[in-house]
Amino acid sequence: MFLGIDASTQSLTAVVLDGISGEILAQQSVNFGANLPEYGCVSGFLPNGKNGEVHSPPAMWLDALDMLLEKLNGGIDLSKIEIICGSGQQHGTVYLDGTFDARLAALRNENSLASQLTPALTRATSPIWMDNSTGSACAEISEKMGGAHEVCRISGSIAIERFSGPQIRRFHQTDAAAYERTERIHLVSSFMGSVLLGRSMPIDLGDGAGMNLLNLAEGRWDENLLDATAPELAKRLLAPMPAGSLLGSIHPYFQKKYGFSNSCQIATFTGDNPASLVGMGATLPGQVVISLGTSDTYFAAMPQAVTDPQGFGHVFGNPAGGFMSLICFRNGSLAREAMRDAHRLDWSAFEKQAMLASSLLAGRNLMLPFYQPEITPRCSLSEPIFDFETDADSTAQVRALVESQFLNMRLHSQWLGVEPERILLTGGASRNDGIAQIIADVFQVPVERLEVANSAALGAALLAAAAGGQDLSSLQACYCQPENGSRLLPNTALAPIYQQALARYRQLLAAHAGE
Ligand code: XUL
């Protein structure tokens, strides 16, 4: 049996696979807001952060780990787990003093993880990917490196607010004494993995690429980026390793408390997006995942590491080898909800009346679909701009919004240089056939929905099985199946219409968003 654990923003989730029967044996989750209300993190982070700060307490993640394993232990025989791999929300950083490894070594199972390990934190709360307080740190790192594009060329992304390097720089600037006491910096993924391993685990190349510190081409920390970020940063990081590398047995704490065997191995953890690429069965170039959430994301395996010349997209390590891209679009469901509410529709009406019944409108009405400042492209609009050829009734507006969101996505994913062969849709709105059909038509690519619910935890479990010698593509063929009847084909008659619409959308953007 193989266990995958995903530490996401709002919850900690486990998926257990049977390597022989091809079954998922257990799935469990601890929701930080609902199950650990004492931390006051209703959505997984502390509300009311100042100056754009968004932090979460590592103590909460540790309590959740105890709680999750307790729940799992009730349902399955944990002594049968051979390998554990995991993933975490990307970019968040955990700061620890020189006692961390000794405290790990001395863990006693009569006490909780949180009570024994939190005294090693030099920063009681961790900045996470939603933190927006690091603008000046980003500007300073870029300047020291000779420009944002140099940071992008080396690390795969321009210096960007939510990334770890800028978080580390700001910590050094705001609390130099605490930075001085910090002997180890972890990502959320490597922190959780270290606890299970009982000593500090290296950061992997997938999640490590989300720090603005990794030299992507060479798979090592970049000295110039380290120097531009904070003093003596190199000694605070372990050398990075590929995801899924076997590191050693699980700590006796978990053997005694939850019944794991002493032969259970721990593998290097990775970021949630790299793990999702695995869990969606999309580790080969040509497969694209579009995740429809609060923000929409587009991620795909890449044959080689090219970077986004405009600096909006990111390049991370692909856990199956090579690289992957990730592009975030801030105006995802938030914009769709704003449109739905403006016309007093429910989702069913949004889908049926406005989307399916309106294909005659294809490509005729465009808008800049930004209800709040966007990051791809960077643009500070706080309300959309319309460019309509027909009446702007609710049907036309809903269709224009969704078409324009995916024209924007098609335009800003062209730098990858890979023609998508298949789009895998995930996230809440992926159930909406109207939206899914528009995506198929705008990209002119078949769209599929998978049965997987927890793609990052599943991906981590698949990486654990692959670390045990199983073939990853055969595992993906077994666990990452499209749902029956979920495949939608593009209407090829619309190809030239959307080609023209793309050119018009580009002009609209140039006119109003300076691109
Ligand atoms: C990716 C990103 C988020 C986090 C949280 O760059 O910031 O997707 O990984 O899931």
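## Loops, ligand and core in a predicted model

P377 sits in the loop that runs between β19 (374–375) and β20 (378–379). Strands here (E, at least two residues) and helices (H or I, at least four) are DSSP runs, numbered from the N terminus. The peptide bond leading from T376 into P377 is cis, with omega near 0°.

This is a predicted model: local features need pLDDT of at least 70, side-chain atom pairs count only at pLDDT 80 or more, and totals for chains, interfaces and linings use all residues. Residues are numbered from 1 along each chain as its sequence is written, and side-chain values use heavy atoms, with hydrogens and water left out.

**Positive phi**

N51 is not a glycine, yet its phi is positive, near 55°. It belongs to the loop between α1 (32–35) and β4 (55–56). N51 is exposed, at a relative accessible area of 64%. H91 is also a residue other than glycine with a positive phi, about 80°. Its loop links β5 (83–88) and β6 (93–96). H91 is buried, with 5% relative accessibility. Buried means under 20% relative accessible area, exposed over 50%, and partly exposed in between (1.4 Å probe, protein chains only).

**Ligand site**

Q90, H91, W129, R162, D272, N273 and L326 surround the ligand. By class, the shell holds 2 nonpolar, 3 polar and 2 charged residues. Ala, Val, Leu, Ile, Met, Phe, Trp, Tyr, Cys and Pro count as nonpolar, Asp, Glu, Lys and Arg as charged, and the others, Gly among them, as polar.

| Residue | Protein atom | Distance to a ligand oxygen |
|---|---|---|
| Q90 | polar backbone atom | 3.0 Å |
| H91 | side-chain N or O | 2.6 Å |
| N273 | side-chain N or O | 3.1 Å |

Taken alone, the ligand exposes 290 Å², and the protein buries 90% of that. Areas come from the Shrake-Rupley method with a 1.4 Å probe.

**Nonpolar core**

The largest nonpolar core contains 115 residues. Such a core is a set of buried Ala, Val, Leu, Ile, Met, Phe, Trp, Tyr and Cys residues joined through side-chain atoms within 4.5 Å. I290, Y298, F406, I439 and F443 have the most contacts inside it. Helix α16 (residues 394–411) gives the largest share, 8 residues. Domain 1 (2–274) and domain 2 (281–449 + 484–515) both contribute residues, so this core lies between them. The domain bounds come from an automatic or database assignment.

Conventions. Near = heavy atom within 4 Å. Polar contact = N/O pair within 3.5 Å; in protein donor to acceptor, adjacent residues only side chain to side chain.
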